[in-house]
Amino acid sequence: MVRIVFLLVPGLHLLDLAGPAQVFSTAADLGLGYELHYVAEQPDVRTFQGLPVTARTDWPALTTDDLVVVPGWRSPRLRGTGHLEPASLERLRRHHADGGTVASVCAGADALGRAGLLDGRRCTTHHDLADELARRYPAAHVVHGVLYVTDDRVVTSAGIASGIDLALHLVAGRHGPAAAAKVAREMVVFARRNGDEQQASVMLRHRSHLSDAVHRVQDALDARFAERLPLADLAREAGVSERTLTRQFVEATGLTPLRYQQALRLERAEHLIGHGATVEAAARTVGFEDARMLRRLRARGAAAG
């Protein structure tokens with residue numbers, strides 16, 4: 001069981017808290033093993049939207065598997081806002097030093113900065129606050145115009161709804177992208193990858209439709225894209241004929257099932273190559289019999305770009 005601990009600051013934005021909390025609670029409903037906790041320096045915390053929330057003032061025991069999240073607060077500026085006592089900042093610092101992960105939404109990055117966790121690391125925050133964050137923590141490398149950034153178990157996000165993207169990214173990192181896609185589908189949101197990667201992933205770019213049959217087939221392809229999956233087997237998964245599946249899949253995604261699987265393989269192969277794998281090794285890993293098809297797909301993508 002992974003504990004997700006939200007550290008609440010007076011004036012916090014509801015969506016900064018509720019967005020990632022919904023992701024992890026939905027993941028828990030799907031059996032992925034999350035337990036949510038809410039802590040603060042006082043038991044009653046007033047949100048900027050006026051709705052009070054309650055929290056524990058004592059922290060649960062944490063392990064290296066657990067995550068601490070600092071949601072953002074109303075902050076036309078960072079200086080003088082989001083007060084936290086030194087003991088709370090020390091909790092953040094100690095959890096990271098012990099091998100745990102810490103995360104922030106929007107202005108919450110300032111709390112990580114005060115805890116010394118941004119020094120020497122890449123980070124981000126809301127675009128209105130990025131310049132000030134860089135001035136306050138000159139040893140940090142503030143990245144502009146991205147949804148979220150991860151660096152050595154410090155995860156920071158841009159603001160408001162990007163907390164959902166951050167949480168889905170963390171679910172994907174622990175349980176795989178297919179699990180994150182399932183959570184996103186349950187929440188009826190369009191999930192995106194790290195803002196460093198300007199294009200949405202293949203898996204999630206083609207999920208903004210309402211066809212349950214196609215979603216079931218995509219679930220199978222997402223989870224087993226490196227395997228040979230005959231169209232007949234996929235049609236049985238969807239409960240329709242092969243011809244009907246192909247027609248519905250194209251209508252929903254713009255791709256045939258084969259093209260979708262190839263796109264998944266290509267994207268994964270590009271990731272492996274970008275991290276040092278040879279084309280031949282990447283091709284074998286993602287399910288191609290040899291590198292020729294992978295080279296053709298890469299060339300086709302380069303020509304299209």
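Helix H11 passes helix H12 in a right-handed crossing, where right-handed means that the near helix is turned clockwise from the far one by less than a right angle, and left-handed that it is turned anticlockwise. The model is predicted, so that local features need pLDDT of at least 70 and side-chain atom pairs count only at pLDDT 80 or more, while totals for chains, interfaces and linings use all residues. Residues are numbered from 1 along each chain as its sequence is written, and side-chain values use heavy atoms, with hydrogens and water left out. Helices (H or I, at least four residues) and strands (E, at least two) are DSSP runs numbered from the N terminus.

**Helix H11 and its contact with H12**

- The axes of H11 (residues 257-274) and H12 (residues 279-286) come within 9 Å and cross at roughly 140°, the axes being lines fitted to C-alpha atoms over the stretch in contact and the angles running from 0 to 180 degrees between N-to-C directions.
- That angle makes H11 oblique to H12, given that angles under 35 degrees count as roughly parallel, over 145 as roughly antiparallel, 65 to 115 as roughly perpendicular and the rest as oblique.
- On the H11 side the contact (heavy atoms within 4.5 Å) is made by Arg 265, Arg 268, Ala 269, Leu 272 and Ile 273, which meet Val 279, Ala 282, Thr 285 and Val 286 in H12.
- The residues of this contact divide into six nonpolar, one polar and two charged, where Ala, Val, Leu, Ile, Met, Phe, Trp, Tyr, Cys and Pro count as nonpolar, Asp, Glu, Lys and Arg as charged, and the others, Gly among them, as polar.
- The end C-alpha atoms of H11 are 26 Å apart, which agrees with the 26 Å that its 18 residues should span at 1.5 Å a residue, the expected span being 1.5 Å times one less than the number of residues.
- Residues of H11 that are buried include Arg 265, Ala 269, Leu 272 and Ile 273, as well as Pro 257, Tyr 260, Gln 261 and Leu 264; buried means under 20% relative accessible area, exposed over 50%, and partly exposed in between, with a 1.4 Å probe and protein chains only.
- After H11 comes Gly 276, whose phi is positive, near 105°.

**Helix H8 and its two partners**

- H8 (residues 212-223) and H9 (residues 231-238) pack with their axes 8 Å apart, at an angle of about 130°, and the two helices are therefore oblique to each other.
- H8 passes H9 in a right-handed crossing, in which Ala 213, Arg 216, Val 217, Ala 220 and Leu 221 of H8 meet Leu 234, Glu 237 and Ala 238 of H9.
- By class, the contact of H8 with H9 has six nonpolar, no polar and two charged residues.
- H8 also packs with H11, at an angle of about 35° and with axes 10 Å apart, and passes H11 in a right-handed crossing.
- In this second contact, Gln 218, Leu 221 and Asp 222 of H8 meet Pro 257, Tyr 260, Gln 261 and Leu 264 of H11, which by class gives four nonpolar, two polar and one charged residues.

**Helix H5**

- H5 (residues 162-175) has 14 residues and reaches 20 Å from its first C-alpha to its last, close to the 20 Å expected at 1.5 Å a residue.
- Among the buried residues of H5 are Ser 162, Gly 163, Ile 164, Asp 165 and Leu 166, and just after the helix Gly 176 takes a positive phi of about 100°.

- Asp 110, placed in helix H3 (residues 108-114), is buried, with a relative accessible area of 1%.
- Not counting residues up to four places away in sequence, Asp 110 touches Trp 73, Leu 78, Leu 133, Arg 136 and Tyr 137.
- Asp 110 and Thr 125 are 15 residues apart in sequence and 8.7 Å apart in space, C-alpha to C-alpha.
- Val 142 lies in strand S8 (residues 141-142) and counts as buried at 10% relative accessibility.
- Leaving aside neighbours within four places in sequence, Val 142 is in contact with Cys 123, Ala 130, Leu 133 and Ala 134.
- Val 142 and Ala 232 are 90 residues apart in sequence and 50 Å apart in space, C-alpha to C-alpha.

**The loop between S9 and S10**

- Asp 152, in the loop between strand S9 (148-151) and strand S10 (154-157), has a positive phi of about 55° although it is not a glycine, and is partly exposed, with a relative accessible area of 42%.
- Arg 153, placed in the loop between S9 and S10, has a positive phi of about 65° although it is not a glycine, and counts as partly exposed at 31% relative accessibility.
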